[in-house]
Amino acid sequence: MNPLNAVFRLSLAVLVKSRRTLMIGILCFMPVLGSIFGTAFMMSGVAQQELTGFSLTSFIIVNGYVHVLLLVVTLFYGTALVSDELEDKTITYLLVRPVSKSTIYLGKYLAYLVAASLLLLPSAALCFLISMAADPPGESSRHVPILLQDLGVLGIGIVAYGALYAVIGAVAKRPVFVGLAFTFIWETVVTFIPGYLSKLTIKHYLSALLPHAVSQRGIIGFFESATSPVTAVVVLVLATAGLLALGAWVFTNREYVLEQ
């Protein structure tokens, strides 16, 4: 069997069976419940006329998924790619195999991509389908291209943030705490600082790809500086490639000592 494929399949099987995946799956179901309650509220006739199924799903995907869930899922999955092997003292079994460390790193990263995508993307699509039930017939089909763009943004975010947090997991001794500090201080607080500093965050370039009006992005939309979608895609691709290369280099050259 191809070494990369073997590492990928083994890592994916471990991820699927882990308690982390169960907890993240429950977390990803929360916005679906929000869509159900919001749609029921609108269909009851109590909600204001300005509130529509599309505005509800736009708010949930932008603020619930892109700004919160995407960060949480990628953080807890990405930082665990290496640290879980150290904590469980199973990294030795991987490193003694006749497989290069870079192949192991890439195989585990690919398994993470599949697991995170299966949790986030169907959940977001389900929110859209539920919320659009409150709008007139035919509205949902008109907004399908926007849903596809939203899913594409989430997919790119999974790729980019995963590469970032995987590096943190390969470098830091307590990667979850380091990742949390980075997320709340840099990817969150810096985003609200006017000027060009926010362009050093991944969230800035993901926001540039969102097909929603500023009014549908919450308060954070008023602090964003303009960046073209083409520039955003180029920056995210280059950043991901650089982070993957850095992570593979760190994992290949670092000696991991198991704690007694």
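Visitor: Hi! Which residues does Y65 touch, leaving aside its neighbours within four places in sequence?
Guide: In this predicted model, Y65 is in contact with C28, P31, V32, I60, L70, L120, S123, A124, C127 and L154, once neighbours within four places in sequence are set aside.

Visitor: And how many residues are in the largest nonpolar core?
Guide: That core has 66 residues. Y65 is among those with the most contacts inside it, along with Y77, Y105, Y112, L120 and Y161.

Visitor: Nice. Which helix gives the most to this core?
Guide: Helix 7, residues 139–171, with 15 residues.

Visitor: Stepping back, how many helices and strands does the protein chain have?
Guide: There are 10 helices and zero strands.

Visitor: What share of the chain's residues count as buried?
Guide: Of 260 residues, 46% count as buried.

Visitor: Why does M23 count as exposed?
Guide: Because its relative accessibility is 54%, and exposed means over 50%.

Visitor: New topic: where is A6 found?
Guide: A6 is in helix 1, residues 3–17. With 30% relative accessibility, A6 counts as partly exposed.

Visitor: How far is the C-alpha atom of A6 from that of I104?
Guide: The two C-alpha atoms are separated by 9.2 Å, although A6 and I104 are 98 residues apart along the chain.

Visitor: And what share of contacts between residues at least 6 apart join residues at least 24 apart?
Guide: In the protein chain, that share is 80%.

Technical notes: Residues numbered from 1 in each chain as written. Predicted model: local features only at pLDDT ≥ 70, side-chain atom pairs only at ≥ 80, totals over all residues. Heavy atoms only, no water. Core = buried A, V, L, I, M, F, W, Y, C linked by side-chain atoms within 4.5 Å. Buried < 20%, exposed > 50% of the residue type's maximum accessible area, 1.4 Å probe, protein only. Helix = DSSP H or I, 4+ residues; strand = E, 2+ residues; numbered from the N terminus. Contact = heavy atoms within 4.5 Å.
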